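Please read the following briefing beside the sequence and the three-dimensional view.

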Amino acid sequence: MTRWDRDHHLHPWAGVEGVGKDEYMRVNTGEGIYLWDSAGKRYIDGPGGMWCVQIGYGREEMAKAIAEQTMQMPYASPWSFTSEPAAVLARKLAEMAPGDLNTVHFTTGGSTAVDTALRAVQFMNNRLGRPEKKIILSREKAYHGSTYLASTMTGKERFKTQFDKADDLVHFLPDINPYGRPEDMSLEDWCDAKLADMEAAIAEVGADKIAAFIAEPILCSGGIIVPPPGYHKRTLDLCHKHDILYISDEVVTGFGRMGHWFASEPVFDIVPDIITCAKGLTSGYIPLGACILSDRVVDQMRGNAENDTFYNGYTYSGHPVGCAAALKNIEIMEREDILGHVQRITPYFQGRLRAIGEKFDIVGDARGMGLLGCLECRPELSDETYAAHLQFGNKLDAVCEEMGLLLRPFGNMAVFSPPLIMTEAQIDEMFDIMEAGLTRLSAEYGA
Ligand code: PMP
């Protein structure tokens, strides 16, 4: 079976040369934070699927909710109908989201949620009679998805090549990673510098041409880049001063990853104009995304009597089965107080992560927030030009995989975002393997 996959399946983000050559691990079963491959070997799922399996694997309640909704009403055309799960979930998300974010447009995942947010902004400015206000400020190393518009906003070098993109719609702000700042610069000064970058971009492009700023609260695929304190609040204020909307891409940070439903508020103390979410919304049991619009945006989208149709949507918008899965997932998270659990275990998780940074010379930076972590190799020991399997992240992933832990390699970094139900003992299990892996790599690197 693995051979059929090898020969006929072009995986996402995979080399085309790999078709017919690369064999993927076939995962068979999952329970809690663990996965088992087809040979029966057990692994801790360090990446939590792709930052999404919040409540862990093997939840019968989820299977039941999905089966029941499938039997009762598997599909309802969002063009003509609504369904109970879609209606209940829309209200629930409006309650959970900060401030006046009260209107939900359901999508099929994160990329389509981001596309929807960007199209809502375009729609709004066209309707306000200012079609030239359409450039989006994004950031180097950001990841916002694989659809045309969302990938245009993606600031990762590898994603910028090989495709045509709507380059006239985006302006990238420089890297905000505090790890790269000059040695003698404080975090406060770094934050000032990042605000200055944004001010310079606004001056260069012109506020009358900039529609919105899109930002992940923490840049995740960019390598768990935690902004300096105050960054989000100050960038939001600056945006609003210039009549620029703030889109918070919470596809990863939403649904408990930071110990709250959303990171925008209360973690970063901002009420954005639009929030996008997906992944943890259903714990990955079934695809679903959402774009949540504030009343301020919706009010400005209104008022075109001749043509007020928001021509954006998907066959599977508000899919009843997806919405039923999301509701069950949220119910489980509430009943088990998973947000409280994440708040309680985060200091321990982050403590063990920081200790690794102190202990191993090959680790240049051990950073994270909530249940997100990243180990970045010391720059002197890493070389971006190496083949992937020779880079730190892949090497660490390979040695840890042997010992039963999966990580997510990104070049000279390895990141992890385990299921939120992880216990303290399981945190130890995960970091003990990581430390054993780093001990082996240290010997190899001679560090
Ligand atoms: N935004 C962010 C911040 C993401 O991390 C991702 C996916 N990793 C997306 C958008 C795209 O989501 P999807 O893959 O569900 O389309």
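The points below are grouped by topic, from the whole chain to single residues.

This is a predicted model, in which local features need pLDDT of at least 70 and side-chain atom pairs count only at pLDDT 80 or more, whereas totals for chains, interfaces and linings use all residues. Residues are numbered from 1 along each chain as its sequence is written.

**The chain as a whole**

- The chain contains 15 helices and 15 strands; helices (H or I, at least four residues) and strands (E, at least two) are DSSP runs, numbered from the N terminus.
- The radius of gyration of the chain is 22 Å, which agrees with the value near 22 Å for a compact globule of 447 residues. This radius is taken over C-alpha atoms, and the globule rule is 2.2 Å times the number of residues to the power 0.38.
- The C-alpha trace spans about 70 × 60 × 45 Å along its principal axes.
- Buried residues make up 47% of the 447 residues. A residue is buried if 20 or more other C-beta atoms lie within 10 Å of its own, exposed if 12 or fewer, and partly exposed in between, with C-beta atoms placed from the backbone.
- Of the contacts between residues at least 6 apart in sequence, 72% join residues at least 24 apart. Two residues are in contact if their C-beta atoms, placed from the backbone, lie within 7 Å.

**Two domains**

- The chain is assigned domain 1 (32-55 + 337-445) and domain 2 (63-335); such bounds come from an automatic or database domain assignment.
- The C-alpha centres of domain 1 and domain 2 are 27 Å apart.
- Contact between the domains involves 26 residues of domain 1 and 20 residues of domain 2.
- On the side of domain 1 that touches domain 2, at least two residues each come from α2 (48-51), α13 (338-359), β11 (363-369), β12 (372-377) and β15 (413-416). The largest share of that side, five residues, is supplied by α13.
- By class, the side of domain 1 that touches domain 2 has 15 nonpolar, eight polar and three charged residues. Ala, Val, Leu, Ile, Met, Phe, Trp, Tyr, Cys and Pro count as nonpolar, Asp, Glu, Lys and Arg as charged, and the others, Gly among them, as polar.

- The ligand is surrounded by 15 residues, of which the closest are Gly109, Gly110, Ser111, Gly145 and Val251. A residue is near a molecule if its C-beta atom, placed from the backbone, lies within 6 Å of it.
- The shell around the ligand consists of seven nonpolar, six polar and two charged residues.
- Helix α5 (residues 110-127) gives the largest share of this shell, three residues.
- From its first C-alpha to its last, α5 reaches 25 Å with 18 residues, close to the 26 Å expected at 1.5 Å a residue. The expected span is 1.5 Å times one less than the number of residues in the helix.
- The buried residues of α5 include Gly110, Ser111, Asp115 and Met124.

- Threonine 276 is located in strand β9 and counts as buried because it has 31 C-beta neighbours inside 10 Å.
- Threonine 276 and aspartate 115 are 161 residues apart in sequence, and their C-alpha atoms are 9.5 Å apart.
- Aspartate 168 belongs to the loop between α7 (157-160) and β6 (170-173); aspartate 168 counts as exposed because it has 9 C-beta neighbours inside 10 Å.

**Backbone details**

- Glutamate 265 and proline 266 are joined by a cis peptide bond, with omega about 15°. Proline 266 is placed in helix α10 (residues 263-267).
- Isoleucine 224, although not a glycine, has a positive phi of about 45°. Isoleucine 224 is found in the loop between β7 (210-215) and α9 (231-241) and counts as buried, with 26 C-beta neighbours inside 10 Å.
- Serine 283 also is not a glycine, and its phi is positive, near 55°. Serine 283 sits in the loop between β9 (274-277) and β10 (289-294), and its 30 C-beta neighbours inside 10 Å make it count as buried.
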